[in-house]
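Could you look over these notes on the sheet and the ligand shell alongside the coordinates? They are arranged as numbered points.

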Amino acid sequence: MTSYFKGKSAIVTGAAQGIGFRICQELLSRGTKVILNDYNPLFLQQARDKLSEYTNLLTVEGDASDESIVNQMVSLATDKFGGLDFAIANAGLTVMGDFLQFPVEKLQRMLRLNLEGSFLLSQAAARLMIEKGTGGRIIFMSSVTGVQAHQDTEGYGMTKAALRMLAKDLGSKLARHGITVNCVAPGATLTERTISEEGYAESWSRVIPTGRASNTEDIANACLFFLGPQSSQVTGQTLVVDGGWTNISPLPPELYK
Ligand SMILES: NC(=O)c1ccc[n+]([C@@H]2O[C@H](COP(=O)([O-])OP(=O)(O)OC[C@H]3O[C@@H](n4cnc5c(N)ncnc54)[C@H](O)[C@@H]3O)[C@@H](O)[C@H]2O)c1
């Protein structure tokens, strides 16, 4: 399996921490050449330090929703790696809040990154993959909030559901070019951001059937499947990785002691 990934090239956005970082780690350790993007210079430096053993890593600092940054990453893949095999639109903004009070500025920021950024990366990546005739794999990072309704996630969930539709459309459109397009939909996942919320891991472990929140490796494993050779006939799909939580929609534990 390592040999399949060795020498291939990837772009992963929003990847200095959390899920994206783990995806980069897994790919780098398999010999994939990776362009790691993040807009936070401090996080980016920390990521470079943690990954300093790898010579097959390039980083691009900038907003993943900015078309010029997207183009910069794809040009870098062309110039330094000779093409692009994997594009993982991972960067996403999670803003929750009461629908009736939800500020339009926050909605617009989510739409811009979660949708526009993902759309633009898939578009630029697909253009290059088609031009090179190599085929490729595109992954959008959706969420359980894009699969099922949840309280106070109307805006965020809308963006994550839209990515699933985009994967279906592009999966069909790009199939004849040997490009698959799929979504991974994480449930509660332990990252630097989420574990900063007090009680996060513990609260979720009580309502997730497997008894724990996901870790970044769980999500990266799903990505490896979509990037790997076993999934070449799988496109337009969403793989929910949530320990079974979405299936049962757990009721508030205080009502079921
Ligand atoms: N963590 C979870 O529980 C969870 C659950 C469901 C879905 N997701 C989705 O998975 C993806 C990754 O989530 P996470 O929790 O690992 O992310 P995160 O919020 O921890 O952010 C990861 C990195 O993205 C960077 N980033 C943020 N905005 C950016 C931008 N505009 N351009 C470039 N970089 C940017 C941050 O600096 C950070 O280093 C997101 O799309 C998120 O919506 C996460």
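1. In total 4 bridges join β1 to β2 (residues 33-38), and the two run parallel; strands here are DSSP runs of E of at least two residues, helices are runs of H or I of at least four, and both are numbered from the N terminus. Strands count as paired if DSSP finds at least two bridges between them.

2. This is a predicted model, in which local features need pLDDT of at least 70 and side-chain atom pairs count only at pLDDT 80 or more, whereas totals for chains, interfaces and linings use all residues. Residues are numbered from 1 along each chain as its sequence is written.

3. Within β1 (residues 9-12), S9 and I11 point one way and A10 and V12 the other, and all are buried, that is, with 20 or more other C-beta atoms within 10 Å of their own, C-beta atoms being placed from the backbone. β1 also pairs in the parallel sense with β4 (residues 86-89) over 3 bridges, and there V12 stands opposite I88.

4. The open sheet comprises 7 strands in the order β3-β2-β1-β4-β5-β6-β9, with parallel pairing. Its edge strands, each pairing on one side only, are β3 (57-61) and β9 (238-241).

5. Around the ligand there are 30 residues, of which G14, G18, G92, S143 and T189 come nearest; a residue is near if its C-beta atom, placed from the backbone, lies within 6 Å. α2, β2 and α7 (192-195) each supply at least two residues of this shell.

Definitions and conventions. A residue is buried if 20 or more other C-beta atoms lie within 10 Å of its own, exposed if 12 or fewer, and partly exposed in between; C-beta atoms are placed from the backbone.
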